[in-house]
Amino acid sequence: MKYRNILEEEVKNVVAADYFGKFDCTRILGKIDFAVKIRRPKNAIDFNDEYLLWAEAKQKPADILVMLAQLVLTIGKARTFDEILPPKFLGCYDSEKIAFVPYHDIQGIFYQNDFNWNVAPSDHDTKEFKQVHEHIKKIIENDIPWETYLFDFEKDEKEIRRFIRENFIVGKSVTAKIKIDKNNFIIIYNKWLETVKPTIAVDWDVVKKNGIIDGDFYLADLLSAENKTLKDKLFVLLHTNYYEAYRRLENGLFTSAKVDFKDDQKAYTQFWAKYERPPHEDYWDYIIERRDLLVPQDVRERKGSFFTPQIWVELSQRYIADVLGEDWQDEYYVWDCAAGTGNLLAGLTNKYNIWASTLDKADVDVMHDRIANGANFLEDHCFPFDFLNDDFSKLPAGLKKIIDAPEERKRLIIYINPPYAEASSRKTIVSKGENKSNVSTETKMYKIFSPIAGTATRELFAQFFLRIYKEIPDCKLASFSTLKYANSQYFIKFRNFFKAKFEKGFVCPANSFDNVNGDFPIGFSILNLADIKEISKIEVDVYDNNREKTQAFFIGTKNFYSYEKGKFIIDWLRKYYDKSNVFIAYLRMQGTDVQNNLGVFVTNNLSKNDLVKHLYATITKENLIEFSIYFAVRKVILATWLNDRDQFLFPNKQWENDIEFQNDCLTYTLFNNNISSKNGVNHWIPFTETEVNSRDKFDSHFMVSFLSGKIVRNAYADLFRQLEIENKKKSKTGWKEGQKREFSAEAQAVFAAGKNLWKYYHAQPQCNVNASLYDIREHFQGRNDKGKMNNKSDNETYNELIGSLRSALKALANKIEPKVYEYGFLRQ
């Protein structure tokens, strides 16, 4: 190992000196560990810094994908690329190896819709970290010749130097213009928005309605030489000192308008003086194809950039044939009212029965171009239409006639993959972001249906469903969407209004769709709107896909259930709220579905936000068992893409007589919480002083008293005075003196592993007598420079002991899990 036994900061310095001496590695770029940029003389003209490498650095050997994922989260959280031109490479290194990844292969990660970048990059257990890790893994496995970019410091020293020499090329002139390529055209666009866009004399609302975006003006600038656009098939062209913006008329002809500059092109000239235009021609097609990245975020979310993979397109059409018959394409009309560029309609054969519309005029033009190149559509059947705002009077006469005729309408299939954007995101739910604006709450359909369907109308796909249901009654709806319409507690009012027969459908992983990285199911549902039935249960087929997303695999079936108010687990828990007895902890709660389990924990220290939003309930001696059950059933169920939206429910009464189950849940909670003695009295020590060889008395013996049925007195008399007064009360689950709790073999194994850990901690010098499990973990694992608790400790004995405890907890969780379904907390 070349850099063994030196500190992380020293590793950075040595690597910089050994390999990057010709470059400037001194710049501290936010929280990025290591940055390499072109060295400039002090008197050089002040151009934007040209970075060649941003890297994650570790002292100890680490997994390449883990380091890269942490780097990506660091960059994405700070939005570094919004302020500084991104480098040619991202990379990572530790004491034995270094790796480089072309930035353009990774940059798509930073432009995902609805991704929570506000997680700690060093926390490798978050859902977001795992998503980024998997994304990078797929990119590397599929697109990058890894052996070209991964080097061992000792074995590959010559190869490293050759790689840097050939790829980290310093320009001959310090005044050279910055080249534009696949890596930096987006960040330059962001700078163009601030500098050039305000000087263009155009009404942006008007051009937007014609399908032209500010990014089209940027492309006209970018793909030009001597102030003239070189690519003639763009929506906007630059002619020396003015633009020409084109739009397509309904008769298929084009018209154009001249657009001037407000400042005689001064800002334009100053801006583009820094950059070399046009980019290399090899990049032109790529940049034009990624025009979607130049669309403002609110428009991207409105459009829903979720390209439907061909495997699901083909499968959905097979399912339609199963329901409507093999001749469905000749017997039914098809309208995709969220068509994008029409890929969902690929494979359909009867072009006279197909209609396609989209809110983006540019997408309509793409469909027309596809028709000119042989696509099986009719040009007059592909038209611009904003389904959530426009009146049906704007529809083509042929389609309007079908919708207006009741019998013809029964033969109309609305076949769509609508956008999934909503007015709140995961960041809003966990109180780390603001509600989105101009996404779903300002559409005409939102204003119409919000009083009827409530919070469900905050989701765009629901607005599509509602308008179709009301204004195109009796048609067939064949749609991709989340399954919230069938099982979400926020869709209760929606289901009271929207009633239709579920004919058939399937679910598949959301991350198989372009621009979707969440681990949840996307469903394809065929609904008969002429058959009015309450949606109480749907059974769908389940498919997964291969890595290349070219093949679908049937893996079983799954049920999704709908429930009315009062039927969810939170309604059950409210029965046990206790505001009169002595506080021993808080239960922090979030949502009622599996995806929100990470937001459930036991603590004695809540954030201000949790307190203000009342995302908690108080745990006392009277509800400890019930709250432990709630906590355990939520935490033992691990989230997968398939169960992510499953709802936790009001259980049946069988749990009341299963004392072993109650004690298993209590044990699981005792050894799986965030209680800290730093935040007050620790009532959660499950052992006596003698059992763990404590050096002094504990401040609280509540938990030992609760477990043993015998009061062990201490200075906190108020709590135990209540126990003494009320110990004669009958209770199925509460504490009463003389009632010693009996534990299963799996629970006893947890206690044994926990006792060994406590004893080892109490043998340490200067230990905290009242330490909780959380305190013990913090003592041994420590925290990084960002304040996050480390995942592991340098103390191998501790690692073994905590590993044994975690193994015992996993075995206990496996024992509890079947009871979660047996007692109705979840349904299969």
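**Entry 1: helices α24 and α25**

I looked up which residues of α24 touch α25 in this predicted model, and I found that Leu624, Ile625, Ser628, Ile629, Phe631, Ala632, Val633 and Lys635 in α24 meet Phe661, Gln662, Cys665, Leu666, Tyr668 and Thr669 in α25. When I sorted the residues of this contact by class, they divided into 10 nonpolar, three polar and one charged. I then turned to the geometry of the pair, where helix α24, which covers residues 624–635, packs against α25 at an angle of about 75 degrees, with the two axes 8 Å apart. I noted that α24 and α25 are therefore roughly perpendicular to each other, since angles of 65 to 115 degrees count as such.

**Entry 2: helices α25 and α28**

I stayed with α25, which spans residues 659–670, and checked how it packs with helix α28, residues 745–762; the angle is about 20 degrees, and the axes are 9 Å apart. This makes α25 roughly parallel to α28, because angles under 35 degrees count as roughly parallel. I also looked up the handedness of the crossing of α25 and α28, and I recorded it as left-handed. On the α25 side I listed Asp664, Thr667 and Leu670, which meet Ala747, Val750 and Phe751 in α28. By class, I wrote down four nonpolar, one polar and one charged residues for the contact of α25 with α28.

**Entry 3: helices α18 and α19**

I next examined helix α18, residues 444–453, together with helix α19, residues 460–471, and found that their axes come within 10 Å and cross at roughly 85 degrees. That angle makes α18 roughly perpendicular to α19. For the contact itself, I noted that Met445, Tyr446, Ile448, Phe449 and Ala453 in α18 meet Gln463, Leu466, Arg467, Lys470 and Glu471 in α19. The residues of this contact of α18 with α19 divide into six nonpolar, one polar and three charged.

**Entry 4: cavities**

The largest cavity has a volume of about 80 Å³, and I listed its lining as Asn487, Asn559, Phe560, Tyr561, Tyr563, Asp646, Gln647, Leu649, Leu826 and Arg827. I then looked up which element gives the most to that lining, and I found strand β21, residues 552–561, with three residues. Sorted by class, the lining of the largest cavity has five nonpolar, three polar and two charged residues.

**Entry 5: backbone details in loops**

I checked the peptide bond that joins Arg277 and Pro278, and I recorded it as cis, with omega about -10 degrees. Pro278 lies in the loop between β12, residues 275–276, and α10, residues 284–289.

I then turned to phi angles, and I saw that Asn693 has a phi near 55 degrees, which is a positive value in a residue other than glycine. I placed Asn693 in the loop between α25 and α26, the latter being residues 702–708. I also wrote down Gln766, which has a positive phi of about 55 degrees although it is not a glycine. Gln766 is found in the loop between α28 and α29, where α29 covers residues 773–781.

Note on methods: Residues are numbered from 1 along each chain as its sequence is written. This is a predicted model: local features need pLDDT of at least 70, side-chain atom pairs count only at pLDDT 80 or more; totals for chains, interfaces and linings use all residues. Side-chain values use heavy atoms; hydrogens and water are left out. Axes are lines fitted to C-alpha atoms, for helices over the stretch in contact, and angles run from 0 to 180 degrees between N-to-C directions. Helices (H or I, at least four residues) and strands (E, at least two) are DSSP runs, numbered from the N terminus. Angles under 35 degrees count as roughly parallel, over 145 as roughly antiparallel, 65 to 115 as roughly perpendicular and the rest as oblique. A crossing is left-handed if the near helix is turned anticlockwise from the far one by less than a right angle, and right-handed if clockwise. Contact means heavy atoms within 4.5 Å. Ala, Val, Leu, Ile, Met, Phe, Trp, Tyr, Cys and Pro count as nonpolar, Asp, Glu, Lys and Arg as charged, and the others, Gly among them, as polar. On a 1 Å grid over the protein atoms alone, a cavity is a set of points where a 1.4 Å probe fits but cannot get out, and a pocket is an open set with protein on both sides within 12 Å along at least five of seven lines; lining residues have an atom within 4 Å of a point. Grid points are joined across faces, edges and corners, and a volume is the space filled by probe spheres set on the points.
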